[in-house]
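Dear colleague,

I am handing over the structure below, and after it I describe what was found. Please read the notes with the structure open beside you.

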Amino acid sequence: MPDKYIVRDLEVRSTTLADESSKERCSVLLNITVELYISTIHHTAENESESIRYSDICGRITYFANTDRNLPRLETFAAGIVRELFDGMPRILAVRALVQLPHAVPNAEYVSIDVSHTRKELFGNWQSPATIDSKCDDSSPANGHLQHAAAFCEEHDKMQTLIEGAAEKNRMIIKNLSLCTESGLHFWGRHYKQTVNIDLILYLERPTGFGVGTFQEMSAKSTRFAEVVEATVDLVENNTFQSVEDMATAISRTAVQQCGLPEITVRISKPRSVVSASGEAVEITRAAGDFPKTQYPHIVLGRESEASLDNPEVPLFDLRKPLQESDIQPRDMHAAYIGIKTNKGDRLGNIYRALHYIRNNLPESRYIESSFLYESPAARGSDGPSYLDAAVFIKTKLEPLALRDRLRHIESKIRHGVAPSNKGNTSVAISLQILLYGETEFEGGGLTVPPPHLHENRVELRILCDFACTQQHPRLATTVKKLYHRLITRNNFPDDIIQVTQLKAHRHSKRSSPHRECILQALNPRQQKRTLFMGMLDLQPENVDYFDFIYYMSEAFQRVQKLSEGGADIIGICGQPKHPNVAPTSAQEEIANIIPLIAHIRNERIETPISVETYYPEVAAAALDAGADIICDTTGGLADPDMLSLVAKRRCPYIIVHPQDDLYPVASDMNASSSPSNDIVCKTRHRLAERIRAALDHGIARWNIILDPGVGFAKDSVQDFEMLRRFSQFTAANIGIPSKTKSSSYVDLVRLLKIPAKKDFVVEDLATSLVNYPVLFGSSRKSFIDDVTENHTGSHSACGTAAAITAAIQGGASIVQVYDVAEMSDVVYFSDYIHRR
């Protein structure tokens, strides 16, 4: 076994790990163990410089800690100490460093990093070139030294296997994180908060090399313990758990799936929970393989091409070569977030061109997904148009300067086709900026990443929150989400960054007005001031009210005019029968039913957006060619995957309807494995998240997606009303479901004490987040309303529809689908006045 020199509880003060704002020295405790073979020192004891002293070890560590260095993370600080000892003491074979930072996290005793490295692991050789090579040289005049060097090399070879076998996993420890939560199966545990002490052990990836200048690379790949702690605190304090085991599993799942840890150990103890013992604890260790994986997006490598965006023969997104799992090399690829800004010319068209070129003209890069679309005011004191802002997430092998040069080339291409503006410097055709490049800080060649004032730019921080909220700012060591909330809460900023949704298909034409080509609406429930109407029109014989519409197009057109004059913001056209006992029409029959009406509407200069409800790609393509704007897919792309490729290519809004069980190919498997319960809202969220993920993977812009949970569609009335009661949960970050295991005495006691009803925390494995997506609600003339009113016609059905619409608007519905727009306009107006003013 190797011999060891041990230094315990060495206290140093360093600015390296201090807070960014204060830069005051903080106290750090270190425990250092160096491993070597002492006989190698005895062979050369006459050489004083080769012996090892405790004072040398402590002196080098203190010198390193007191020197200002750009190593803001515990991992890089510990690695720097290891490197310092290896460089200054060539006899050392291995070093283990335990760096402890007290009170680094609120409510926690300390955060520590425990790393162990061997010389061969980091430098590729067990022997120090400066000492061993010179002593093994045959030309050396000192014959005695040759013998000692031979013995030295022999001992190194003997120790190699032992040292490698003794290497442990590097890990980070958060000790005694004290939180308050509600857990337990009995009444008091679930309704009164208890204190739990949580220990987290985060296992880190071991570096494959440790050459000069690798500190920044290690910082970019370092574990964000603040992110893990923040996620743990939010999870534990805002939810209830039936047992400590459930809590530990939920924490480990969040750390692995949300924070990207390869492995974690969670230990939870409840002080004084057992009368005859000082406490009880549960400890579990989980890795990424213990939880279901979401399939990696099917995306393609960017290629050098000069494909024209305006050429209809060239697809906007090339999906012919899906990315293979073997092609993914995380160590070679860098995560880059690119901001897009424009306020000149066809603003939406400029953004689409940028997306096209980024996906197809960036070499060695992969387009992952886009953010939502935002409209922000022009610069202060400027009379220029407002900005459209978005961002894209890519994986790239390009270095920051090379990526910047490529983005400038894309900017020049887009600006070349935009007419000059007289707005001066406030008018921007397109601006592409690297907001984040992994967690690496870069400065040089006129480029600074992240931008110096990113933490003060609420527009860019708000956009990054869509898909990078847990990404850490490399200099401030704070997540994007925390920076944004800190900025908007500490400053009295107006709520003028509006999330917008495209309501008309973007058709590139040099002769058309951009305001005529697309309508942007704020459909985020927190910012939307008015609920939109979708006036529905069914074009099939099974509907008695519109039986003759197929044969008498003039009457159908009069119905469209009535809907438009009544205040419909969108005209919805359906060519499929709604009754379950009627066979669906073919694609050719559906085209014959709806295309003439759409063409007639556009020929009569009615510019209201038109939505077509279909699951046939050929019907969708014909409808868009005739002048339709929105595709409403009742299967979410399951009936024909070509629908997703078509929508991505045509750049139109896409309504994803919760698919039926018989149309979902793996419904039974999903219900058995992925869904945490038989709760209808959980099932709906799972399926919607999977269809959103498929749409994003096929290149559909995030801002073009609208959700329809399918209330009244292929569900019984009990499920429909449950969905209506919990409508706000469809786009929530996480949800709770009412517990159905309460005894009658439990319920009586809750009522007696007037304690609010609690909900069980649901652990979800969603394919993607559902937050901030606009939601459509359709309940007009649905059977579940008639089941309650016991009247299938007349005022009772209208009153039931009005009540359902009011509940949906309270739950955050952005669009309501009705057949009688004029009759429901007052209902929506008063509901908006109550809930959106």
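In helix α2, residues I57, R60, I61, Y63, F64 and A65 meet F77, G80, I81, E84, L85 and G88 of helix α3, where contact means heavy atoms within 4.5 Å and helices (H or I, at least four residues) and strands (E, at least two) are DSSP runs numbered from the N terminus. By class, this contact has 8 nonpolar, 2 polar and 2 charged residues, with Ala, Val, Leu, Ile, Met, Phe, Trp, Tyr, Cys and Pro counted as nonpolar, Asp, Glu, Lys and Arg as charged, and the others, Gly among them, as polar.

This is a predicted model, in which local features need pLDDT of at least 70 and side-chain atom pairs count only at pLDDT 80 or more, while totals for chains, interfaces and linings use all residues. Residues are numbered from 1 along each chain as its sequence is written, and side-chain values use heavy atoms, leaving out hydrogens and water.

The axes of α2 (residues 54–66) and α3 (residues 74–88) come within 10 Å and cross at roughly 135°, the axes being lines fitted to C-alpha atoms, for helices over the stretch in contact, with angles from 0 to 180 degrees between N-to-C directions.

There is also an open sheet of 8 strands, ordered β24-β23-β22-β21-β20-β19-β28-β27 with parallel pairing, where two strands pair if DSSP finds at least two bridges between them. Because β24 (705–708) and β27 (776–778) stand at the edges with a single partner strand each, one side of each is left without a neighbour in the sheet. Within the sheet, 4 bridges join β19 (residues 532–538) to the parallel strand β28 (residues 815–818), and G535 stands opposite V818 in β28.

Best wishes
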